[in-house]
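Please read it alongside the sequence and the structure shown here.

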Amino acid sequence: MNREVLQQKLKSNHQSFIDHILSLDEAAYNFSMEGKWNAGQVLDHLQRAVSTLSLALLLPKQVFGLLFGKANRPSKDYEGLVAKYRQKLSEGGKAHGRYLPAIVPFHKRNDSAAALQKSVIAVCKRLNAFNETQLDTYILPHPLMGKITMREMMYFTIYHAEHHLRILQHSANN
């Protein structure tokens, strides 16, 4: 995916997630299967992840290299990145630290959804500062997958919204 496709997919996948969250009534919004997050917590988790990425993209390009190094391999394609993430999850990988969600009460879901949308738009705008080569050169740390290229981080962020949307939809059907 080139940068423009990444931006479009970031927006559309997160919008699908937001649309689902906003379609839920209060009981469905607050429902969670045992040991799983409710919709509000998932919303907060995604907001935490995307806002952290948005802040990281404000770093000057030289800082990426100094802090994280540069890629020593080509970027995985979308399917390869998703397979790596699923493998990490199957090995017991879970969110931790700053990515653990807070409770978002039903009456605050619109504000939280708007904050997520704002963060996604910021990520998309900040991607304009990077050309295609730079997306495959600069790396960022991912809490489960280690250092991944910026392009791979965008793939992850696209998939992450879809992943959590599917989980919410599945739990609603059970």
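1. Which backbone nitrogen does a side-chain oxygen of asparagine 38 reach at the start of α3? The oxygen comes to within 3.0 Å of the backbone nitrogen of glycine 40.

2. The model is predicted: local features need pLDDT of at least 70, side-chain atom pairs count only at pLDDT 80 or more, and totals for chains, interfaces and linings use all residues. Residues are numbered from 1 along each chain as its sequence is written, and side-chain values use heavy atoms, with hydrogens and water left out.

3. The chain contains 8 helices and 2 strands (DSSP runs numbered from the N terminus: H or I of at least four residues for helices, E of at least two for strands). Their order from the N terminus is α-α-α-α-α-α-α-β-β-α.

4. Helix α3 covers residues 39-56. Its 18 residues reach 26 Å from the first C-alpha to the last, close to the 26 Å expected at 1.5 Å a residue (1.5 Å times one less than the number of residues). Of these 18 residues, 15 are buried, that is, under 20% relative accessible area with a 1.4 Å probe, protein chains only. For the chain of 174 residues, the buried share is 44%.

5. Strands β1 (residues 139-142) and β2 (residues 146-149) pair in the antiparallel sense over 4 bridges; pairing requires at least two DSSP bridges. A hairpin through 3 residues joins β1 to β2, and histidine 142 stands opposite glycine 146 in β2.

6. Along its principal axes, the C-alpha trace spans about 45 × 35 × 25 Å.

Note on methods:
Buried means under 20% relative accessible area, exposed over 50%, partly exposed in between (1.4 Å probe, protein chains only). A polar contact is a pair of N or O atoms within 3.5 Å; within protein, one must be able to donate a hydrogen and the other to accept it, and residues adjacent in sequence count only if both atoms are side-chain atoms.
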